[in-house]
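Visitor: I am new to this one. Please show me how to read its features.

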Protein chains: 2
Amino acid sequence: MRTHSEITIHHLATELKISASTVSRALNDNKRISENTRRIVQQKALEMGYRPNVLAANLRSRRTRTIGVVVPRIDRHFFSSAISGIEDYAWTKGFNVIISQSNDLLVKEINCVQTLYNNRVDGLIISISMQTDQDKHLRLFSDNHIPILFFDRFCPTIESDRIVVDDFNSGYKITRHLMERGCRRIAHIAGPELLNIYKARKAGYIKALESEGIAVDDRYIEVSGLTNEEGKQAFARLMSLPNPPDGVFCGNDTTALVALEYCQEHNLKVPEEVALIGFSDEPFSAVITPSLSTVRQPGFEMGFLAAQKIIHRIQNSKSVIPFEEIVLPTQLIIRASSK
Amino acid sequence: MRTHSEITIHHLATELKISASTVSRALNDNKRISENTRRIVQQKALEMGYRPNVLAANLRSRRTRTIGVVVPRIDRHFFSSAISGIEDYAWTKGFNVIISQSNDLLVKEINCVQTLYNNRVDGLIISISMQTDQDKHLRLFSDNHIPILFFDRFCPTIESDRIVVDDFNSGYKITRHLMERGCRRIAHIAGPELLNIYKARKAGYIKALESEGIAVDDRYIEVSGLTNEEGKQAFARLMSLPNPPDGVFCGNDTTALVALEYCQEHNLKVPEEVALIGFSDEPFSAVITPSLSTVRQPGFEMGFLAAQKIIHRIQNSKSVIPFEEIVLPTQLIIRASSK
DNA sequence: ATTTTCCTTGCAATCGATTGCGCAAACTAT
DNA sequence: ATAGTTTGCGCAATCGATTGCAAGGAAAAT
């Protein structure tokens, strides 16, 4: 039993009195090697406990069968489900996944992207940070023809595949729903306009208002970082207006949650005095009281699809596949907070 | 502007009319190279847009500065926060993290572990699957002296570092709390005994009962896979007993949640008729109604600590550091469901 | 029987870095 | 001035695979 030096194809080769090239090919099921030798080699490999050194193979073949993933935060449910989807599909294709989080900081995102590049990942799946207002780091990939795929939050200046949800329509549907249930003064706590998703949701909100001839009132639009603190402050400002809103479309579920807390502290009845709608369908949204209306984004599916698309592109790198923007539908989930 | 062939240290070398070794050393800030040449080389590298090929470096140096992580599911909050902690610390030390999920399946776990080995990760952080009843795949690491660190769920037959929470005491505290609030018939929905965590929690539960001279009644102990379905069935069985429990210690928060739903459907008052306690402090637990008593496990901290310990061990591989079991305290959080 | 083709396999270069060893120049000590 | 150190750098081997090219033998074709 050898435990010290690793077993390489050369060891197998000498043991079997054949060349290393044959061993290599046999292990890769290359048809140029006879069925018989292949069996013998693979058998021996098993027997000797051979473990391929992926590093060496990758160096030579200039492929790593690895895709890099960058998300703002791993521990946010939407992103962790997306990652789960990515991992699940990638695994079926024998791809590894390296994950890093930007913590919504541009500098860290740049660093992550560069590290992934240096590690020669075959493709990059990324949802950009809230601060990302430049694309130099991403060009590192696109300029070198390494596939990038954005999901949810994308960088508009980079040509690439994207998988997003229909944020515009979601914002529209949310707002229409609020109007239909009788709300007349509908406010919106939006996220940073830098991000497509927030811009689109807000645009949908405005479109819906206009469709009913309701004037857009800037005082009803709060732009916020959507953290707990900022969200609460924004909501407090809204509710302190002379004519406080009777319906609020919150940028995400956590903001809606703090809004709910605010209402409970200030004895505001939800949805009677003010209806609330969030975004993302966090696990808690269905089970809080009152349960929270929201929009479901198919996180797992987006990740799964993202992995599917990028791996397909990686494996067909010779053929030119036009870039595609896939827009997945969302599902408006009406619960107690807006019923 | 060269976009085709990558820039290597050799390009830098010829450009600067020095040897590749010097370039390599200069880029690594080796003191054997004069401060001056180092500056010149690094400057040139920047200028030419040099990107180190980590693969080549890793192959030669037999280190990858990468740690592999295997968890049952990425999208479970406890695990995603742990991963977040791992990633955060690893990043400060220039380590990459490859993440894979076993989906609580032994076969997939084995495959993940082998893949990570083949990729020559410098260390493995793992929380084993619910099915893991063998350790051959893990010996691949321990036999080759590659550090393994278990967190939360560990494999008792492998000597290694572990980071766990005090499950025994948590189970004990939970049960004592239920007794102190007046419960006399306390049931427990436990997870598979294969896992240390569930065994320890159950042991704590039994110890607490015995400390008060309450006989342990097997009918009050349900062993379950803790899925939504199994959890609900287990809880239903408990509540259908001739003497249904007046307090239930659920194996995790999701089980407690389905128990809660069951109670609502059957008009059972929580906590008056039956008090409920979960485990893990999922994000929803604080915000549901009634809010759920539970035990907080410091996921992020465990991950952070895990990364810290394993990287320390990797970087001091010559010195023999005794294996350590770190037991982190948990925090019993008493909320409405058991007040 | 001879030529052509096919099927297997081996040779040797290569991927892009790291690193032990050695050598010269510069510097210090005697 | 000479011997002994130190400093700075280059040579060449190496890590463990992949792969283009070629070669040898067997089978097929003529």
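Guide: Start with a term. A residue is buried if 20 or more other C-beta atoms lie within 10 Å of its own, exposed if 12 or fewer, and partly exposed in between; the C-beta atoms are placed from the backbone. This is a predicted model: local features need pLDDT of at least 70, side-chain atom pairs count only at pLDDT 80 or more, and totals for chains, interfaces and linings use all residues. Residues are numbered from 1 along each chain as its sequence is written, while chains are lettered from A and ligands numbered from 1 in the order in which they are written.

Visitor: Is A:Arg120 buried or exposed?

Guide: A:Arg120 is buried, because 20 other C-beta atoms lie within 10 Å.

Visitor: What should I look for in phi?

Guide: Most residues other than glycine have a negative phi, and most peptide bonds are trans. Now the case here. A:Arg120 has a positive phi, near 55°. A:Arg120 sits in the loop between helix 6 (106–118) and strand 3 of chain A. Helices (H or I, at least four residues) and strands (E, at least two) are DSSP runs, numbered from the N terminus. A:Leu226 also has a positive phi, near 65°. Its loop runs between strand 7 (221–223) and helix 10 (228–239) of chain A. A:Leu226 counts as buried, because it has 21 C-beta neighbours inside 10 Å.

Visitor: Which peptide bonds are cis?

Guide: Among them is the bond joining A:Thr289 and A:Pro290, with omega about -5°. A:Pro290 is in the loop between strand 9 (275–277) and strand 10 (294–296) of chain A. In chain B, the bond from B:Val270 to B:Pro271 is cis, with omega near 5°. B:Pro271 is in the loop between helix 11 (253–265) and strand 9 (275–277) of chain B.

Visitor: How do I read the two faces of a strand?

Guide: In a regular strand the side chains alternate between the two faces of the sheet. Take strand 3 (residues 123–126) of chain A. A:Gly123 and A:Ile125 are on one side, A:Leu124 and A:Ile126 on the other, and all are buried.

Visitor: Which strands pair with strand 3 of chain A?

Guide: Two strands pair if DSSP finds at least two bridges between them. Strand 1 (residues 66–71) of chain A pairs with strand 3 in the parallel sense, over four bridges. A:Gly68 has A:Leu124 as its bridge partner. Strand 4 (residues 148–151) of chain A also runs parallel to strand 3, joined by three bridges. There, A:Ile125 is partnered by A:Leu149.

Visitor: What does helix 7 of chain A make with strands 3 and 4?

Guide: A crossover is right-handed if, with the strands pointing away from the viewer, the path from the first strand over the helix to the second runs clockwise. Strand 3, helix 7 (residues 136–143) and strand 4 of chain A make a right-handed β-α-β unit.
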